[in-house]
Amino acid sequence: MPSTRQDSVQAIERLTQILGQERVRTSQEELSVYAFDGTAILHQLPACVVLVDAVEQVADVLRIASETCTPVVTRGSGTGLAGGSVPSPGCIVLCLVKLNRILEVDTANLTMTVEPGVLTQTIADSAMSAGLFYPPDPGSIKISTIGGNVANNSGGLRGLKYGVTRDYVMALDVALVDGRILKTGTKCVKDVAGFSLRDLFIGSEGTLGVITKITLKLIPPPETKATMLGLFDRMTDAARTISAIIEARIIPCTLEFLDRTTVTCVEDYAHIGLPTDVEALTLMEVDGHPAQVAEAADEIEKIARAHCARDVRRAGSDDEAAQLASARRTAFSALARRAPTVILEDVTVPRSQLAAMVAAIESIAEEHDVEVGTFGHMGDGNLHPTFLTDERDEQQMHRVEAALKQVFETAVELGGTITGEHGVGLAKKPFLPGALGDVPLDVMRSLKGVFDPDGILNPGKIFD
Ligand SMILES: Cc1cc2nc3c(=O)[nH]c(=O)nc-3n(C[C@H](O)[C@H](O)[C@H](O)COP(=O)(O)OP(=O)(O)OC[C@H]3O[C@@H](n4cnc5c(N)ncnc54)[C@H](O)[C@@H]3O)c2cc1C
């Protein structure tokens with residue numbers, strides 16, 4: 001339901017009365033900080049920003065928003081890359097970064113229970129301090145919140161072996177639009193009591209409720225890890241190496257790649273000593289028991305060389321491993337320096353179609369005369385074609401839009417999807433019907449109607 005200025009004014013008055021002025025921000029200066037997320041081009045000023053530090057305050061915000069029909073856009077750190085936390089016109093931004101306590105590390109059940117504003121890196125570090133491991137590691141690990149990770153079902157560099165955020169969420173508390181708290185899931189490894197509402201909220205992008213507590217599964221950490229870089233003169237050889245590794249029944253924890261444009265930008269930025277004339281670079285990591293790791297690393301090196309790798313570099317120490325891995329970890333920052341506007345995209349195809357998708361992205365970029373650097377989670381079939389452009393150049397933006405449309409259509413034609421980990425938000429909304437078809441969208445709309453009958457939770461995201 002669209003809000004009017006009158007609704008927002010009334011909501012702000014009541015929020016200020018109940019939560020205090022210090023939690024309700026309305027100055028233009030502060031609002032402008034929350035007008036965008038990590039997505040290029042999209043921005044919109046909200047009516048106010050509410051910084052809550054207790055779950056009861058979340059419920060208060062939702063009750064007031066419901067009563068005044070004011071939209072609510074829940075926000076973690078705002079690093080999303082599909083416009084999920086970009087404000088809707090006249091909305092309350094409900095920012096959860098101060099709801100950030102670690103509530104429990106349960107070493108008997110191997111779980112951690114946290115509030116949604118805890119940074120992902122803090123979760124990884126706290127698990128490690130308890131001798132345990134939280135595997136999901138989005139590239140934004142140092143700045144993203146776990147609430148944002150759950151709401152987007154974020155992936156990361158270890159997805160191939162360890163899965164994504166969903167695989168580690170055991171239980172959630174969710175504040176519903178009327179302020180009631182729904183509890184779903186338990187610490188039990190097995191639990192099939194009723195529908196899995198927990199799974200419905202994972203990846204729901206703030207459109208069904210506000211996640212206020214999360215219980216995560218932890219696992220024992222791997223004993224050791226081997227890190228390798230493969231350098232290839234031909235992209236198809238890199239793609240075939242990835243397929244051959246999987247066919248050999250080796251499941252690395254990391255199987256990433258960078259194309260030539262990205263390698264050049266990374267070398268320019270991080271000075272790692274990478275040759276800038278290679279067509280593809282792969283980052284390959286295996287972890288586990290030392291004997292298995294050594295054997296798998298040897299096998300991977302053999303496979304890469306058999307597929308014409310120009311060189312395979314293996315790290316001899318933790319520092320060297322971190323340096324090799326930084327080639328991949330700095331990819332986005334390195335590309336972001338290259339152009340005024342950087343559009344980081346996210347398509348996934350079945351792994352057998354990787355070489356075809358990479359080739360298609362290159363030819364689409366050429367056809368539309370746009371510059372694209374591609375990197376991504378090759379082991380997952382998840383590619384990030386990154387468009388280097390300038391939003392002030394209208395002609396160029398039209399060409400980028402046409403190229404993007406073609407990239408998404410090609411991914412779907414190859415049996416893939418329009419987003420592997422960033423979500424739909426605003427940016428992918430126009431492409432969702434083409435990817436899913438009518439029936440799934442109708443069912444999603446019906447579900448949205450059950451949880452949010454007046455359409456005030458993150459309106460206009462995923463679908464209208
Ligand atoms: C440099 C960089 C690297 C990245 N690398 C990766 C990567 O490797 N893998 C990956 O998957 N993503 C990646 N991302 C995207 C982004 O970091 C993730 O989507 C992340 O999970 C967003 O977390 P956030 O706290 O910033 O959430 P926000 O951007 O603030 O919000 C994201 C969405 O979640 C909703 N939301 C947030 N908190 C809650 C809550 N508590 N309850 C309900 N809804 C909520 C918002 O409304 C919004 O729709 C990257 C981004 C950047 C900038």
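Mentor: Two residues are in contact if their C-beta atoms, placed from the backbone, lie within 7 Å. Residues are numbered from 1 along each chain as its sequence is written. This is a predicted model, in which local features need pLDDT of at least 70, side-chain atom pairs count only at pLDDT 80 or more, and totals for chains, interfaces and linings use all residues.

Trainee: How many strands does the protein have?
Mentor: Helices (H or I, at least four residues) and strands (E, at least two) are DSSP runs, numbered from the N terminus. Counted in that way, the protein has 16 helices, and its strands number 17.

Trainee: What percentage of contacts in the protein between residues at least 6 apart in sequence join residues at least 24 apart?
Mentor: The C-alpha atoms fill a box of roughly 65 × 60 × 40 Å along the principal axes. Among the contacts between residues at least 6 apart in sequence, the share that joins residues at least 24 apart is 72%.

Trainee: Which residues does L182 touch, not counting residues up to four places away in sequence?
Mentor: L182 lies in strand β8. Leaving out residues up to four places away in sequence, L182 touches V174, L176, L197 and G209.

Trainee: What does L182 count as, given its C-beta neighbours inside 10 Å?
Mentor: A residue is buried if 20 or more other C-beta atoms (placed from the backbone) lie within 10 Å of its own, exposed if 12 or fewer, and partly exposed in between. L182 has 16 such neighbours, so it counts as partly exposed.

Trainee: In β8, which residue is the bridge partner of V174?
Mentor: Two strands pair if DSSP finds at least two bridges between them. β7 and β8 run antiparallel and are joined by five bridges, and they form a hairpin with five residues between them, where G179 in the turn has a positive phi of about 95 degrees. In β8, the partner of V174 is L182.

Trainee: What is the average twist from one strand to the next in the open sheet of five strands?
Mentor: The strands of this sheet come in the order β5-β6-β9-β7-β8, with antiparallel pairing. Its edge strands, each pairing on one side only, are β5 (102-106) and β8 (181-185). From one strand to the next, the twist averages 10 degrees.

Trainee: In β9, which residue is the bridge partner of A175?
Mentor: Strand β7 (residues 169-175) runs antiparallel to β9, and six bridges join the two. The partner of A175 in β9 is V210.

Trainee: What angle does the direction of α3 make with that of β9?
Mentor: α3 packs on the sheet and touches β7, β8 and β9. Axes are lines fitted to C-alpha atoms, for helices over the stretch in contact, and angles run from 0 to 180 degrees between N-to-C directions. On that scale, the directions of α3 and β9 make an angle of about 140 degrees.

Trainee: In β2, which residue is the bridge partner of R25?
Mentor: Four strands form another open sheet, in the order β1-β2-β4-β3 and with mixed pairing. Here β1 (24-25) and β3 (72-75) are the edge strands, each pairing on one side only. β1 and strand β2 (residues 48-51) run antiparallel and are joined by two bridges, and the partner of R25 is V49.

Trainee: Which strands of the sheet does helix α3 touch?
Mentor: Helix α3 (residues 55-68) packs on this sheet too, and its direction makes about 165 degrees with that of β4 (92-95). The strands it touches are β2, β3 and β4.

Trainee: Which residues in helix α9 are buried?
Mentor: Across the protein, 51% of the 464 residues are buried. In α9 (residues 260-270), the buried residues pack against β11 (254-259), β12 (280-288), α11 (318-329), α12 (331-336) and β16 (371-377). These buried residues are T261, T262, V263, T264, C265 and V266.
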